[in-house]
Amino acid sequence: MWRQVTYGLRSLFHRSRRDQDVAEEVEQYFEEATTDWRSRGLSPEQAKRAARLESGNLTTVQEQVRSYGWENAITSFIGDLRFALRQLWKHPLFAATAILTLALGIGANTAIFTVVQSVLLAPLPYEDGGRIAVLNTRWTNSGHTIPRVTGPDAGDVRDQASGFEAVSLYSGGSLGVQLRDHAVFTGWAGVDSNFARVFRLHPIAGRVFTNADAHRAVMISEQFARDNFGNAQAALGQTIQVENEPLQITGILPGSFDFPNKTQVWEAYPLRPESQSRTAFNYKAVGRLQPGVTFQAAQAGLDGISHRLEIAYPVDNAHKQILLLPLQQALTGETRPTLLLLWATVALILLIACVNVTHPQLVRSMDRQQELAIRQALGSSRRQVMQPVVLESLLISLIGGVCGVGLAIPGLHGLLAIAPEKLPRATEIHLNGWVLAFTLGLSLATTLVSALLPARRAANVNPADALKQDGARGLSRPGASLLRDGLVVAEVTATFVLAVGAGLLLHTMANLLTRDLGFESRQLLVVEADAPAHSEQDAQRVVRQYDELFVQLAALPGVEHVAGIMGLPTGSYGSNGYYSVSGGPPVDHDHAPWANWSVASPGYFQTMDIPLKRGRDFSSGDLDGSQFVAVISESVARQSFGNSDPVGRQIRCGLDSDKWMTVIGVVGDVRQESPAEKPGPTLYMPMSQHPFYANQIHMVLRTQVQPVSLINAVREKIVQTNPEIALRFTTMDAMVNQSMTTERFRAALVSSFAGVGLLLATLGVYGTMAYSVTQRTFEIGIRMAFGAEKGDILRKVLGHAAMLAGWGIALGLLMSLGLARMITSMLVGVSPLDPLSLGIASVVLLIAATAAAFGPGWKATHVNPMVALRAE
Amino acid sequence: MGAMDDSNTDVIQGTLDMLILKTLSLEPMHGFGIARRVEQISRGVFKVNPGSLLTALQRLERAGLLDAEWRQTTNSRRAKFYTLTRAGTKRLEVETADWTRRASAIARLLRTEG
């Protein structure tokens with residue numbers, strides 16, 4: 001065994017010495033044989049012949065002996081590889097184009113797959129994260145599901161469900177945290193002591209809190225400790241304040257942990273949920289399954305509990321089901337369609353790239369038909385003929401793959417730069433072994449796709465036929481041009497589908513950008529402000545302070561109007577729910593009227609340019625002690641009061657009290673979440689009457705100057721009044737923009753990919769047309785000799801290209817119809833069969849294909865018949 | 001590198017190795033010497049073709065059953081001489097025993113049949 005390896009290696013690296021050794025031994029054998037025959041009395045000539053007769057041909061024997069050993073397979077492979085490299089070197093334009101084309105295709109796929117792998121496929125970065133589940137509430141009658149639970153429902157699950165190691169309730173968001181001398185906005189979550197068990201948290205300093213620490217302790221992230229205390233050790237034991245509650249830092253969590261949603265501060269909440277209402281969905285819940293318990297089994301247990309609760313609380317828990325969802329699915333579910341769309345897009349690009357590489361290889365293998373035919377006629381095996389062709393392809397694909405990874409790295413950076421902030425697990429996205437394996441697989445697959453056709457054709461050459469053909473004279477197999485035309489059609493089809501997708505998403509984007517939001521977003525500075533408030537007195541003091549601030553800020557030069565709001569459109573705060581009106585039609589419980597709930601200061605509608613349609617705005621007279629009032633938007637008026645005047649009517653909702661409120665005014669509807677949403681019903685209530693919902697607000701400032709230029713002046717004023725208010729600045733335009741990042745991300749990526757696809761397809765059509773014109777030079781020469789006009793020749797070439805494009809577009813239309821379902825949910829104000837997008841895509845492709853054929857066509861009209869007919 | 005598909009079944013398939021080993025157990029020899037010796041001892045029944053023989057020698061050498069060395073021949077030419085290694089000797093014993101057992105079994109079979 002050892003000798004096998006060493007002898008093989010030795011002969012591999014000292015090829016000539018081994019060859020010589022064999023040659024000498026064989027020669028010596030023949031000499032001995034000759035000598036032997038001579039010793040039996042033959043003449044030198046006769047002896048030589050006798051030896052030959054007895055032992056065969058000397059060279060053949062040498063060949064036979066030399067071919068022994070495993071190293072010979074490698075040597076022949078290296079020979080073919082050298083040949084393939086030489087071939088590429090001799091055709092640098094072909095090689096460069098092919099490699100670049102594949103690099104683009106593979107690079108795009110690598111970048112997108114990196115995101116897909118890191119976000120959708122890679123396990124969560126939590127210890128045994130596959131067993132963590134999220135509890136959702138689902139209504140079985142409507143199918144409606146929300147990712148929240150009520151305190152008592154989740155508490156019952158914790159007490160009764162088997163199969164869970166731990167169930168944790170939490171709620172969170174972004175709020176102001178007060179440090180010794182200043183306040184900062186940060187991601188915050190109130191979590192019970194089971195939270196650390198569910199995620200198996202190991203603090204890098206200190207300890208996890210226990211149930212006894214409720215409302216007294218916090219854990220903070222390493223990042224937060226560094227930013228505000230210098231380091232983890234310095235932070236330990238310090239006190240911070242949230243809503244005027246002093247909390248001691250008992251543990252520091254590693255920087256990689258930020259669940260839920262970029263949280264940096266985890267406050268200890270009691271295990272027994274404080275909210276005991278079965279209709280207030282104040283919590284989110286996560287649980288860890290015990291080892292060996294499947295999600296299905298756990299769900300079956302939950303179904304039993306849901307059923308018992310439905311019987312025990314027939315009103316509150318009617319049709320309510322607690323639904324289990326793997327955490328990974330819950331985190332990434334929303335992003336999934338977008339990523340799959342992008343994946344499909346880059347797959348099409350790769351298809352186009354493969355076709356682009358297949359065509360010239362096919363052409364070259366046809367040009368080499370005679371050479372290959374001769375090789376076959378001389379006895380080369382099928383494998384021997386195919387190997388160099390496949391090897392050449394493999395080289396192109398592998399080099400293309402390496403370059404593709406090179407392109408994917410900056411591509412990935414660009415992609416993450418424009419990725420929506422909502423993209424889950426964004427920090428975990430990076431190239432890794434899986435991605436590289438995927439890319440390698442992709443390279444091999446492209447080799448298969450792009451080389452198999454040419455290689456098979458090379459191997460299937462019938463020597464007799466091939467030698468009779470003469471490509472240069474247009475005497476080639478009829479199937480050859482059909483195959484090339486097919487490739488062009490496939491390319492146009494794929495590009496058309498990409499172009500339609502890009503068109504639809506861009507049209508969506510255009511719709512969003514030009515939409516009337518119901519308010520004026522320009523020249524509006526937005527200040528996110530959170531003043532700590534624990535008691536009702538605190539909250540009322542904060543509201544008075546805000547009111548004073550609005551007056552002071554309005555006095556700043558450049559500021560026109562100032563107001564405050566809890567529930568700013570596209571903002572992070574807000575509430576919503578069902579409401580009822582007095583004297584209205586009897587309420588159908590399954591279809592109760594629903595609205596967004598906002599809490600505003602006087603002057604809000606004027607500041608936002610939301611038109612007041614009837615009645616009046618809030619005023620400083622609407623105080624806590626006086627009659628509760630509300631302003632409604634037109635949709636509320638329409639759905640609950642019909643044609644009658646709503647002003648003076650009574651309305652109530654479950655925001656914080658069940659007091660009836662008098663409707664004092666009607667304003668225009670706004671698009672609350674994003675421009676993609678329909679203008680919806682909103683119920684506005686004054687800050688002064690709902691102080692508990694008025695300490696964490698957005699201040700809006702209508703300015704005459706650049707909004708951001710006022711930031712310093714505004715900050716100074718607010719800090720002077722109350723340094724405990726945590727502040728964050730932005731503009732309304734930026735917020736609206738932010739609300740469209742997903743749509744923009746999709747539109748930008750799909751249209752750039754469509755652009756790449758179009759470029760590749762144009763190159764492909766050009767290449768095919770140029771080749772077919774060159775090949776038909778002889779035929780064109782004859783036509784011209786018989787008096788064909790230049791115009792006719794050009795028309796014929798362009799007509800051919802247009803016909804192929806037409807076929808591609810027709811097939812593309814069919815494919816787009818089939819794929820429409822996939823994209824419908826991503827469109828706003830556009831039908832998936834949008835005639836504009838389909839029309840533009842068709843025209844663009846038709847023009848691109850004809851334009852690509854124009855160069856070769858022009859060349860065809862300049863064929864000199866005399867030269868063409870004489871040419872060899 | 002066309003394969004040699006000579007139809008002269010000079011040596012029974014699988015016995016060439018054994019014949020080589022047996023021949024070399026007498027004394028170190030070069031390729032042609034082995035061929036002639038096999039022919040002589042078998043009184044012309046076995047003819048060895050040089051392609052197969054030299055390939056087999058390489059194989060046996062790599063398997064560690066033979067050692068090879070360039071040496072002067074009796075008529076003072078350089079030739080590659082093969083020597084049996086210890087492993088080669090052992091292999092020959094095994095193969096001889098094996099062959100004898102099988103041959104006698106076949107002989108018995110033929111006798112009873114006849």
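I began with A:K262, which counts as partly exposed because it has 15 C-beta neighbours inside 10 Å. The model is predicted, so I took local features at pLDDT of at least 70 and side-chain atom pairs at pLDDT 80 or more, while totals for chains, interfaces and linings use all residues. Residues are numbered from 1 along each chain as its sequence is written, and chains are lettered from A and ligands numbered from 1 in the order in which they are written.

**Loops of chain A**

I placed A:K262 in the loop between strand 8 (245–253) and strand 9 of chain A. Helices (H or I, at least four residues) and strands (E, at least two) are DSSP runs, numbered from the N terminus. The phi of A:K262 is positive, near 60°, and the residue is not a glycine. In that loop I also found A:P260. The peptide bond from A:F259 to A:P260 is cis, with omega near -10°. For reference, most residues other than glycine have a negative phi, and most peptide bonds are trans.

I then looked up A:T570, another non-glycine residue with a positive phi, about 65°. A:T570 lies between strand 13 (559–566) and strand 14 (575–581) of chain A, in the loop. With 23 other C-beta atoms within 10 Å, A:T570 is buried.

**Strand 3 of chain A**

Which strands pair with strand 3 of chain A? I counted strands as paired if DSSP finds at least two bridges between them. Strand 10 (residues 284–289) pairs with strand 3 in the antiparallel sense over 6 bridges, and A:A166 stands opposite A:R288 of strand 10. Strand 4 (residues 183–191) also pairs with strand 3 in the antiparallel sense, over 9 bridges. There I noted A:V191 as the bridge partner of A:Y170. Strands 3 and 4 form a hairpin with 4 residues between them. Strand 3 (residues 164–178) is mostly covered, with 11 of its 15 residues buried.

**Helix packing in chain A**

Axes here are lines fitted to C-alpha atoms, for helices over the stretch in contact, and angles run from 0 to 180 degrees between N-to-C directions. I found that the axes of helix 2 (residues 15–39) and helix 3 (residues 44–55) come within 8 Å and cross at roughly 125°. The two helices are therefore oblique to each other; under 35 degrees counts as roughly parallel, over 145 as roughly antiparallel, 65 to 115 as roughly perpendicular, and the rest as oblique. The contact includes A:F30 and A:W37 of helix 2 and A:P44 and A:E54 of helix 3; residues are in contact if their C-beta atoms, placed from the backbone, lie within 7 Å.

Helix 13 (residues 336–367) and helix 24 (residues 741–775) pack at about 10°, with axes 10 Å apart. I therefore logged them as roughly parallel to each other.

**Chain B against chain A**

How many residues of chain B are in contact with chain A? I found 17, and they touch 19 residues of chain A. Helix 2 (31–41), helix 3 (50–62) and strand 3 (78–84) of chain B each give two or more residues to that side. The largest share, 7 residues, comes from helix 3 of chain B.

How values were computed:
A residue is buried if 20 or more other C-beta atoms lie within 10 Å of its own, exposed if 12 or fewer, and partly exposed in between; C-beta atoms are placed from the backbone. Two residues are in contact if their C-beta atoms, placed from the backbone, lie within 7 Å.
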